[in-house]
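Trainee: I have a structure open and want to learn how to read it. Can we go through it feature by feature?

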Amino acid sequence: MENIIDVQHLSYRYQDTDGRPALDDISFTVRAGEWLALVGHNGSGKSTLARAVDGLLPFSEGTVTVGGIKLTPETVWEVREKIGMIFQNPDNQFVGATVEDDVAFGLENRQISRAEMVPRVKAALDEVGMQTFAQREPGALSGGQKQRVALAGIVAIAPDILILDEATSMLDPQGRRDMLALVQRLREEKHLTVISITHDIDEAASADRILVIDDGKLVEEAQPAEIFAQGERLVHLGLDVPFTAKLKQALQDRGITVPAGYQTTTEMEEWLWQSLSNT
Amino acid sequence: MSNFIFGRYLPLNSIVHRLDPRSKLLLSFCYLIVVFLANSWLSYAILIGFTLAAILSSKISLGFFLKGLRPMLWLIAFTVVVQLLFSPAGGHVYFHWTILNITQAGLVNSGVIFIRFLLIIMMSTLLTLSTQPLDIATGLSSLMKPLRWVRIPVDTLAMMLAIALRFVPTLMDEATKIMNAQRARGVDFGEGGLIKQAKSFIPLMVPLFMSAFNRAEDLSTAMEARGYRDSEHRSQYRILTWQRRDTMTWIVFLMVVATMLATRRW
């Protein structure tokens, strides 16, 4: 299969932090139709990388080629035609006053006539199962529903590539599962190439290939099975361990004796307030 | 904070609600001028009749309009009293003390002022109760279109207004959350003197502004990623259509105005 994204020797430095570069000589390719996961700690540069591919950051070193078009300030709008991006915070990417207005936003930007927009908005909402919410305001939607509306906005403009920039990280477990299932289905129906930036183990497991970014460098490239076989090391790679385990680790680091074994959130809560009232 | 309803829009399904917002905005504006043209009791009676008819056809209960009057009550009372006491001499003098007079002309004048206030507030309350803020914004930007020729970026302003309206509830929620978080840390909102109260809002405003700036940053990135370049080169999904009921409303309004002008003292 052909490479739909080709990144060569990409480096980027934020102006206000003149120290180490946010991206340091990164090269990779993505095949058409592939699902690629980018994992890494907060601040490792994975979001920066996604933004650079979409032309949202003016990088100076290296080349990015998307669908055969080399990314330059002249071709940036052409490249963006091929990429749909969903961000972390469902609220901060909802532009329209109602669901249908928001789905239409991308079409309006492309100066598509209203006669063509109306059926495309409707079809896109049908696709994500939000047609009954067309007139709703964002305040009346859950986080997961807002992300589905964001997906509908992308379905409406029919790009080749979908980038999920921690798009499920602010959702509850159910919303996260629904969103992933929806992305899977859309990917098959629309033959999308998916790049997902994530801390979520399930999301990373859906991928065909995982790239691990650390400190602006590409440190590992492997199949999900190879990565997950490394057990303990997942934490070092920047994938999420359950919250209670992280809390226990943090307490242990401060010299507090914590109960052994695994606790649910409720058990942990019990134990916490009991030990607090004893002191 | 949560009982504050922006624009106090009441979603009902009446002819007034279904009117084109442009038609309602223009009519409210013309009405403002018309109210000041009336000067005889009969001409006021006609306008009161028209206003009541408009309110009745909106299916909104009168109670909401009276609530809309409440914040204006002191202003109305003050104006009426000033008008009553400092009016020019004319007709029978009921009361006289140094520079204060209550005369027949003063009584009439303050009555007129009171009715004008009432009519204008009723009509503008009807506009906001029956029209969604977003529709008002769309209507305004559509009415301002001609200003493009004098190089005013009408579309950009309309986009800004629409986004501002879109984020009002989001920031309200945020403010409530921050207030609760600060309350949990022992901040008292609405306690103590005026200065203490004002001070207690500082721990609310700082995080609220921080978060608003972060949201703005995220939003602009998301808009750019979705192909937004500028507001002038975009098509419109939300369109306004002038319908028969708008034309009918205007015919009725112009007939009322004509009758009012005929009964006016020239």
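Trainee: Into which domains is chain B divided?

Mentor: Domain bounds come from an automatic or database domain assignment. Here, domain 1 of chain B covers 6–144 + 241–263, and domain 2 covers 154–225. Their C-alpha centres lie 34 Å apart. This is a predicted model: local features need pLDDT of at least 70, side-chain atom pairs count only at pLDDT 80 or more, and totals for chains, interfaces and linings use all residues. Residues are numbered from 1 along each chain as its sequence is written, while chains are lettered from A and ligands numbered from 1 in the order in which they are written.

Trainee: How many residues of the two domains are in contact?

Mentor: Contact means C-beta atoms, placed from the backbone, within 7 Å. Six residues of domain 1 of chain B touch seven of domain 2 of chain B.

Trainee: Which residues touch the most other members of the largest nonpolar core?

Mentor: In soluble globular proteins, nonpolar side chains tend to be buried together. A nonpolar core is a set of buried Ala, Val, Leu, Ile, Met, Phe, Trp, Tyr and Cys residues joined through C-beta atoms within 7 Å. Buried means 20 or more other C-beta atoms within 10 Å of a residue's own. The largest core has 73 residues, and Leu38(A), Val103(A) and Ala152(A) touch the most other members. Helix α5 of chain A (residues 143–157) gives this core its largest share, eight residues. Helices are DSSP runs (H or I, at least four residues), numbered from the N terminus.

Trainee: How many residues of chain A are in contact with chain B?

Mentor: 25 residues of chain A meet 26 of chain B. On the chain A side, α3(A) gives the most, with six residues.

Conventions
Buried ≥ 20, exposed ≤ 12 C-beta atoms within 10 Å, placed from the backbone. Helix = DSSP H or I, 4+ residues; strand = E, 2+ residues; numbered from the N terminus.
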